[in-house]
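Colleague: I would be grateful for a close look at one part of this assembly, the place where two neighbouring copies meet. Please take me through it step by step.

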6 protein chains.
Amino acid sequence: DFLNALREVVPAFGASTDDLERCRLGGMVDCGDRHKHIYQRAMLLVEQVKVSKGSPLVTCLLEGSSGSGKTALAATVGIDSDFPYVKIVSAETMIGLHESTKCSQIIKVFEDAYKSPLSVIILDDIERLLEYVAIGPRFSNLISQTLLVLLKRLPPKGKKLLVIGTTSQLIFLESIGFCDTFSVNYHVPTLNANDVKKVLQQLNVFAKDDVDAAAEALNDMPIKKLYTLIEMAAQGEQGGSAEAVYSGKEKINISHFYDCLQDVVRI
Amino acid sequence: DFLNALREVVPAFGASTDDLERCRLGGMVDCGDRHKHIYQRAMLLVEQVKVSKGSPLVTCLLEGSSGSGKTALAATVGIDSDFPYVKIVSAETMIGLHESTKCSQIIKVFEDAYKSPLSVIILDDIERLLEYVAIGPRFSNLISQTLLVLLKRLPPKGKKLLVIGTTSQLIFLESIGFCDTFSVNYHVPTLNANDVKKVLQQLNVFAKDDVDAAAEALNDMPIKKLYTLIEMAAQGEQGGSAEAVYSGKEKINISHFYDCLQDVVRI
Amino acid sequence: DFLNALREVVPAFGASTDDLERCRLGGMVDCGDRHKHIYQRAMLLVEQVKVSKGSPLVTCLLEGSSGSGKTALAATVGIDSDFPYVKIVSAETMIGLHESTKCSQIIKVFEDAYKSPLSVIILDDIERLLEYVAIGPRFSNLISQTLLVLLKRLPPKGKKLLVIGTTSQLIFLESIGFCDTFSVNYHVPTLNANDVKKVLQQLNVFAKDDVDAAAEALNDMPIKKLYTLIEMAAQGEQGGSAEAVYSGKEKINISHFYDCLQDVVRI
Amino acid sequence: DFLNALREVVPAFGASTDDLERCRLGGMVDCGDRHKHIYQRAMLLVEQVKVSKGSPLVTCLLEGSSGSGKTALAATVGIDSDFPYVKIVSAETMIGLHESTKCSQIIKVFEDAYKSPLSVIILDDIERLLEYVAIGPRFSNLISQTLLVLLKRLPPKGKKLLVIGTTSQLIFLESIGFCDTFSVNYHVPTLNANDVKKVLQQLNVFAKDDVDAAAEALNDMPIKKLYTLIEMAAQGEQGGSAEAVYSGKEKINISHFYDCLQDVVRI
Amino acid sequence: DFLNALREVVPAFGASTDDLERCRLGGMVDCGDRHKHIYQRAMLLVEQVKVSKGSPLVTCLLEGSSGSGKTALAATVGIDSDFPYVKIVSAETMIGLHESTKCSQIIKVFEDAYKSPLSVIILDDIERLLEYVAIGPRFSNLISQTLLVLLKRLPPKGKKLLVIGTTSQLIFLESIGFCDTFSVNYHVPTLNANDVKKVLQQLNVFAKDDVDAAAEALNDMPIKKLYTLIEMAAQGEQGGSAEAVYSGKEKINISHFYDCLQDVVRI
Amino acid sequence: DFLNALREVVPAFGASTDDLERCRLGGMVDCGDRHKHIYQRAMLLVEQVKVSKGSPLVTCLLEGSSGSGKTALAATVGIDSDFPYVKIVSAETMIGLHESTKCSQIIKVFEDAYKSPLSVIILDDIERLLEYVAIGPRFSNLISQTLLVLLKRLPPKGKKLLVIGTTSQLIFLESIGFCDTFSVNYHVPTLNANDVKKVLQQLNVFAKDDVDAAAEALNDMPIKKLYTLIEMAAQGEQGGSAEAVYSGKEKINISHFYDCLQDVVRI
Ligand SMILES: Nc1ncnc2c1ncn2[C@@H]1O[C@H](COP(=O)(O)OP(=O)(O)OP(=O)(O)O)[C@@H](O)[C@H]1O
Ligand SMILES: Nc1ncnc2c1ncn2[C@@H]1O[C@H](COP(=O)(O)OP(=O)(O)OP(=O)(O)O)[C@@H](O)[C@H]1O
Ligand SMILES: Nc1ncnc2c1ncn2[C@@H]1O[C@H](COP(=O)(O)OP(=O)(O)OP(=O)(O)O)[C@@H](O)[C@H]1O
Ligand SMILES: Nc1ncnc2c1ncn2[C@@H]1O[C@H](COP(=O)(O)OP(=O)(O)OP(=O)(O)O)[C@@H](O)[C@H]1O
Ligand SMILES: Nc1ncnc2c1ncn2[C@@H]1O[C@H](COP(=O)(O)OP(=O)(O)OP(=O)(O)O)[C@@H](O)[C@H]1O
Ligand SMILES: Nc1ncnc2c1ncn2[C@@H]1O[C@H](COP(=O)(O)OP(=O)(O)OP(=O)(O)O)[C@@H](O)[C@H]1O
Ligand SMILES: [Mg+2]
Ligand SMILES: [Mg+2]
Ligand SMILES: [Mg+2]
Ligand SMILES: [Mg+2]
Ligand SMILES: [Mg+2]
Ligand SMILES: [Mg+2]
């Protein structure tokens, strides 16, 4: 099933897999049907790239609010593709570099991919790659032009490439023409109460009776915020109870959990 | 007829033809009367350049929405012109270069053309050559001034030149005075239901009874999106059916096709 | 008369005349009274510069819509002035140069002129010299400041200079103070039906009965567009009839002419 | 209790502690329950970082009006964390440097932290680190992109990091996406009349009967302004009485105190 | 009287006087009472600088529409001051230079002046020195800051300086704080019908009966435009009559004069 | 009393005092109670810095309209402080320098001050130090960030510093956060009729009967404009009477004084 598919790791990948694995450090849990659907469709694109003769280049954008699990999903598709070349392009490895240097590194990744018969390139957090900031707005047009061309340029004869982009700034990307440039767009949602319940059951840190109430309170949370909150609540009001909670000996105190929730959503 | 005209390739062209051929990788199919009309008019301009004494420079702009087939059309005219010098100027070969270097390369192409008695230069995706981005908007004024002058400068005595530009950002080009600078402007349309039907019949991937419904659903699509969609649908819901569809053994499942259509137009 | 005056070429000019002659390649035809009036007034300014003691510097701006014949007119005045130094400053010869280099070249032209007792300098397409683009708007303030000073600076004692500028961006030039800086401004008009008729009669490519209808259809055209259109129409619907038309054996088919007119004005 | 906790200094820290101690030169006094609550929650985050396996990176933003005690609070948490690496990143040590040099220094601090098993980094006055100014607004996008990435980048396996940011420009930080990037946000308040009374009682510079009136007059003051005001008032109208006040021999004249209050809040 | 005062030239001035004399090439004529008043007041400032002990620096701005005679007036005051150092700072001698070079040259002029016991510096056409252009607006802040400081900086002990600025862009100068920085501001007016009549009588190019009508038609003209117009009209409709007019043998044909007037004011 | 306090000069200061004395060249006269109050409060700050243990850094902003006497007042406080290091930072000594050089020089002044046990730094005309111009507005963010940090940075242990800033652009400084950064703000007013009368009596250039009328006419003048005006009026209508007025032999003619007043306030 979906969950198993997600968990299945391909260790024979070498260095590059490490990067991908770091994007889902805690492992993947089942986040509900809508996440599963996107995973499946993305895997169909993987197959399309593999078998198609007419489309040597397929591009797909995962957009959704911050922390909704886009990067983890893209990394999972990359790992599960079994393609010989899978690479994530992330601002983390280009910190503090000049925009033209970033450009060269991005171009290099594409040119390396052009040498492999089958490749996946993940453009993670495109707004960060573009050095986007809402005031202005400002961003690097040099990098943006480079990506716009790379997203349309066909690989050389016989080579095939799937590009997966992620972003939490859909409106910005639309306004600079990126959405049109990707063949397909998928929206990665926050978790609804149902999804949250599924996740909480897998994590098993609440008393059985508290799960429904907690799930309701966490409705419409991105998965990242959910994890942060649970870690905070697990410390207990006086600190010191985290070990017990994670080892299953104690459960999270639901009223302290509500307190933490207020701290996090207050502003 | 038109289709045959389009298909007729001039292999004796050398390296440059490769570039042109890459712009219409899957070959050309008949896209309906409106596309045909533009092709014919453009071929008249080719003749005008050849025979005229008064107009050594003719310039023509093909504009239309993204993926409507402008580049493929321009490449076909370039190939069919039989002119000794046919060159496409594209952002793809100038990726990551500084604007002044791009300028030099563009000027070089024009100066090479001035040495040939008859030339076609295709300025592909002018907004991309200009590094245009809608926010701001920003673009390279250096390149834009260079093109504005090149589009008015007469070739030396005895030399003749046809310049074909393509763009999907008509309003932008108008606002910076490019449309007036081109002698003629043609609008390359998206496909209407009739055009789509013609194309689908040639592709032969739907059951006979589904063609009309599919054509109706695809009304007002650019040809590129149409191709993407068909490739996606051809995989089948579970993957694996593409080969059978392309080889004609199976047809695309019309309801899965509708699903894919929703994915593509959802946003 | 005016036409003869225009046609009279001064071959003893040397290199510089070549540049001027290239601005009116097809020769000059009579474009009606309003064009003639501007020519005469400009020639009076030539005389004023020659004889006056009080005005060693006279500056005159020709403005009008794109293709209305401003450059051809200015070149004709330059040629007919019989002045020992006549020079056209055009963006064509400074393509791709940095703005400060352009400045130096422009200053050089003025300083050369200061060495000649009588000079004409044509600043052709001032908006292009200024690298003007409507979005922003952007333009080179370096070049604009340079021209503003040069247009006011008196030549050294005993030297006299007439500067003729041309532009199709009157409003822009007004807003940056250029119009005030020129002593006189003349508007070069598009052709009205009467003017067009005169031109068509001289070109002799329509059947006698069609001339009036064609002239009416071409009312308010700049002369450049008129020429483009006639060249297109002369090819005939199937191509191949241009030679016959130019040699006078055939006339342009009026209904094909209307078709071409639609292509050109459609957008 | 809280006050004692705050006062407890960890002298074995070396050079870096000096920097932290300079942020609370006059020592810490009890500023009321709301300040105490933030201190306690921040200390829970310290513990979370220490024991958690799932969250090697925790980020917390302290925002509040200018002079409300954010930096002193952050420094106290840093000192009380007992972590082997505690570092404050402040604009004071990077005065006049180019933005790229500042970037390198900030990156260096994070990379040093990645070498320690447990670290606290204080990003003090983030708007000043970003060279923010309200007109424009202007700020360094280079530094802002660097921080945005550093605030999301996980430390290497086995290393843990708590980042505490301070700012008095919440709206600006929100508009460039910093608030979302921090896991938790706390508002450091100005002092209400109750808080002020507590502080004044500890300082003991007013006559007993004047404390309530003074506290009321100082309602909604940031602690910094409170200190400034008391120092001014302590000089006395003619100067010279400060020593007596601080040594407890005299009290501040309440009417002169009101005069000084007017000077400070006049504009 | 005023006219004589204006005409009196001080030939013993050396190189610098040449520059000043070039600003009033045709000599000065009497332009009416308002011009005379400004001249007299400016000469009082000259005296104030000379005798005062308290004001070693006096600054005065002459503003008025383009061509109203500001530069000629300032030059006349400079010449008539009889001061040992009189210098005009003009964009003409700094054409095409970088703004920092212009700055140095301007600073140099002031430092030279600081060495002379009595100096006049004319800052001619301040908006041009500032490279001002209305679109944006753009201008050199480097030069503007330099001038703002120079206009307030006192000369060294025992040295005295009068600075006269001219501008036709009063509103711009006001908006960047220049008007406040000058101690006094004078408005140099265009000529009213009375002033014009005085000037025409001195020039003696119209028939006696035509002078009143011509003066009425020229009401509210700047003197520069008046001169231009008379030079044009003096050529006569067919050219060739200028010599006769200037030598007094013929008069300007009043109806041709009206024609020329239309040409000049048409736009 | 106040006046005497102001007049008392501390000659033992060395080079730096010269700079300060130049800021009040004509000596100080009594400008009324409001000026006196500010002087006294500023002297209390001087004392506060000297005796306080808790506030090693005190910052004070003098704002008021142009020419109201801010710089003279700040210089007087600096001189009267008797501190071993007193320095004025002024745009006059940094004319034409690049903003980064200005930064270094400003930082240098603070670092020199950090070596002295007691220091006064005057930041004169902060808007000019920041290269402020209202259009845009533009200013140097590099210098502004540097000052913002310097105004908060504590001097090293045992060193004490008073910073006095002056500005006539309060709203600008407020909008970039400078006003909040200064501990105290004082408004230096223009002179009211009463203040003017006091000044005029000290200057003794009007006939006794004219003083009241003159004072009324000069109501709400900054002291600088008052001085300018009196110097102008002292020349007399025909010039030449200044010596007599200053030596007390003549008085200023009140009606000529009104004329001059009109010249100065006309615009
Ligand atoms: N299905 C999942 N199961 C378990 N953990 C998950 C899952 N999806 C995401 N996570 C975890 O949630 C956190 C956020 O996920 P991720 O970084 O993929 O979100 P994102 O949408 O890329 O966020 P951002 O917009 O900030 O880039 C990560 O720590 C990730 O490991
Ligand atoms: N007549 C045709 N027959 C078959 N395929 C076509 C035809 N026209 C275009 N295509 C294909 O459709 C795709 C899009 O065409 P093309 O690149 O020419 O569109 P475009 O208008 O230039 O798009 P863009 O605006 O993105 O540059 C290409 O893969 C091209 O090969
Ligand atoms: N009187 C004329 N007789 C014949 N041809 C003319 C005449 N005037 C202009 N032309 C031709 O018309 C074309 C346009 O003229 P020209 O370049 O002078 O126009 P323009 O107003 O300068 O245009 P633009 O605004 O594009 O610079 C040229 O090919 C020129 O040779
Ligand atoms: N609890 C406290 N007890 C005593 N003094 C304090 C306390 N908190 C802050 N202060 C003092 O008040 C002053 C202002 O505090 P601090 O610098 O921390 O404020 P801030 O909010 O960081 O101000 P800013 O916004 O200007 O950076 C400092 O001198 C600090 O030492
Ligand atoms: N009183 C005068 N008598 C005769 N000629 C004059 C007089 N004043 C000005 N002129 C002439 O008129 C012309 C314009 O004068 P001037 O250059 O001083 O005007 P301006 O106001 O400085 O113009 P601009 O605004 O263009 O700088 C010059 O040729 C000058 O010689
Ligand atoms: N109290 C005073 N007695 C006598 N002269 C004074 C007095 N105050 C100021 N002045 C003089 O008035 C003039 C303006 O004063 P000052 O330069 O201090 O004003 P300011 O407010 O700093 O002006 P700005 O805004 O232009 O910097 C100077 O010449 C100064 O010497
Ligand atoms: Mg992500
Ligand atoms: Mg294309
Ligand atoms: Mg032209
Ligand atoms: Mg702080
Ligand atoms: Mg002038
Ligand atoms: Mg001052």
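**The interface of chain D and chain A**

Modeller: In this predicted model, 13 residue pairs, both members at pLDDT 80 or more, are in polar contact across the interface of chain D and chain A. On the side of chain D that touches chain A, at least two residues each come from helix 3 (33–51), helix 7 (141–150), helix 8 (170–175) and strand 5 (184–187) of chain D. Sorted by class, that side of chain D has 16 nonpolar, 13 polar and 8 charged residues.

Salt bridges between chain D and chain A number 3. In a salt bridge between these chains, the side chain of D:Lys152 meets that of A:Asp125, at 2.9 Å from N to O. Counted by contact, 37 residues of chain D touch 33 residues of chain A. Together the two chains bury about 2900 Å², and carbon and sulfur atoms give 55% of that area.

Chain D is superposed on chain A, with an RMSD of 0.0 Å, by a rotation of 60° and a shift of 0.1 Å along the axis. Within chain D, D:Gly136 has the C-alpha nearest that axis, 8.7 Å away. Only 3% of the interface residues of chain D are also interface residues in chain A, so these copies meet through different surfaces.

Chain F can likewise be laid on chain D by a turn of 60° and a shift of 0.0 Å along the axis, with an RMSD of 0.0 Å. This is the relation of a six-fold axis. In chain F, the residue that comes closest to the rotation axis is F:Gly136, its C-alpha lying at 8.8 Å.

Conventions:
Residues numbered from 1 in each chain as written. Chains lettered and ligands numbered in written order. Predicted model: local features only at pLDDT ≥ 70, side-chain atom pairs only at ≥ 80, totals over all residues. Heavy atoms only, no water. Least-squares fit on C-alpha atoms with pLDDT ≥ 70 in both. Contact = heavy atoms within 4.5 Å. Buried area = accessible area lost by both parts, 1.4 Å probe. Salt bridge = Lys/Arg side-chain N within 4 Å of Asp/Glu carboxyl O. Polar contact = N/O pair within 3.5 Å; in protein donor to acceptor, adjacent residues only side chain to side chain. Helix = DSSP H or I, 4+ residues; strand = E, 2+ residues; numbered from the N terminus. Nonpolar A, V, L, I, M, F, W, Y, C, P; charged D, E, K, R; others polar.
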